[in-house]
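I opened my notebook to look at one protein and its ligand.

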Amino acid sequence: MSENIKGKVVVITGASSGLGEATARLLSAEGATVVLAARRADRIKGLADELEARGGKALAVVTDVTDRQQMKALVDKAVATYGQIDVLINNAGVMPLSPLERLKVDEWDQMIDVNVKGVLYGIAAALPYMKEQKSGHIINVSSVAGHKLFGGSAVYSATKFAVRALSEGLRQEMTPYNVRTTIISPGAVKTELLEHISEQDVQKTTQDHVAQVGVPAETFARMVAFAVNEPEEVGVNEILFRPTAQE
Ligand code: NDP
């Protein structure tokens, strides 16, 4: 069923929890070789060991996506180890929501660094290989918040709108090189994402909402698998999904 996933070398950022971890598990089960990136070494090494014990091929590379050299080293390591990079999933992200008037400027910087610059550094690291290979697939994770705004989401939404814009630019520029692009915009999914919201009132409202309507991380992983598994001549350019119960 998933013949076009088997044997692909897939680099996943933010693989230490939530959507990235679930995606690594599913793609590995479907026969992909997965390269797991995040800052928490214990998490990604444990996951790589687990996937290998099940007969998969997995490599953990401790990476901070806000560091351009580390992102380059991650992709270089994937290619040095496995000979190619077929898919890059720029999934790492943070969402410390807050109203602008509370001036959480350090958190604005962090969101821009991880959610936008991290994605750009991933693109910068992978494109030279993909152009040379004349094949590749870059999947960038946006959000429903990349389509609309809600309480405290101004800066987070700005970063996720940016992800959509740069992904579409990438799609247009990559047509001569046979490089596919996919934007995935999830609605509420139950992960650790809300744990880092520092404003207590915003955190509580958001946690209550996600506890009520959120879907499991495997939902996202299935969307990734669908986009990767399509024939190479088909680019699944954007997937937007929400829990049925989400407004
Ligand atoms: P989690 O908090 O569970 O996962 C976030 C991941 O990002 C972790 O693996 C974390 O790893 C990684 N990360 C954060 N900062 C960095 C960094 N500087 N360098 C490398 N890795 C980093 O949340 P989700 O799985 O929910 O989030 C994944 C993506 O999905 C994000 O882009 C998020 O914006 C998006 N999203 C999530 C939705 C949801 O409802 N859950 C909805 C819409 C979009 P570590 O801390 O180990 O570095």
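Helices here are DSSP runs of H or I with at least four residues, strands are runs of E with at least two, and both are numbered from the N terminus. This is a predicted model, where local features need pLDDT of at least 70, side-chain atom pairs count only at pLDDT 80 or more, and totals for chains, interfaces and linings use all residues. Residues are numbered from 1 along each chain as its sequence is written.

**Entry 1: confidence.** I checked pLDDT, the predictor's confidence in each residue, from 0 to 100. The protein has a mean of 97, and 100% of its residues reach 70 or more. I also noted ipTM 0.99 and pTM 0.98 for the model.

**Entry 2: the ligand.** I counted a residue as near if its C-beta atom, placed from the backbone, lies within 6 Å of the molecule. Which residues come nearest to the ligand? I found G14, G18, R39, R40 and G93, out of 29 residues around it. Helix α1 (residues 18-29) gives the largest share of this shell, three residues. I then sorted the shell by class: Ala, Val, Leu, Ile, Met, Phe, Trp, Tyr, Cys and Pro are nonpolar, Asp, Glu, Lys and Arg are charged, and the others, Gly among them, are polar. The shell has twelve nonpolar, twelve polar and five charged residues.

**Entry 3: α4 and α5.** I took axes as lines fitted to C-alpha atoms, for helices over the stretch in contact, with angles from 0 to 180 degrees between N-to-C directions. Helix α4 (residues 105-133) and helix α5 (residues 154-174) have axes that come within 9 Å and cross at roughly 15°. The two, α4 and α5, are therefore roughly parallel. My cut-offs: under 35 degrees is roughly parallel, over 145 roughly antiparallel, 65 to 115 roughly perpendicular, and the rest oblique. For contacts, I required C-beta atoms, placed from the backbone, within 7 Å. On α4 the contact includes W108, M111 and I112, and on α5 it includes V155, Y156 and T159. This contact of α4 with α5 has 13 nonpolar, two polar and one charged residues.

**Entry 4: α1 and α7.** How do α1 and helix α7 (residues 218-229) pack? Their axes are 8 Å apart, at an angle of about 55°. So α1 and α7 are oblique to each other. I listed L19, A22, T23, L26 and L27 of α1 meeting E218, F220, A221, V224 and A225 of α7. By class, eight are nonpolar, one is polar and one is charged.

**Entry 5: α3 and α4.** Helix α3 (residues 68-82) and α4 have axes that come within 8 Å and cross at roughly 35°. Among the residues that meet are R68 and M71 in α3 and Y121 and G122 in α4. I noted eight nonpolar, one polar and two charged residues in this contact of α3 with α4.

Terms used
Contact = placed C-beta atoms within 7 Å.
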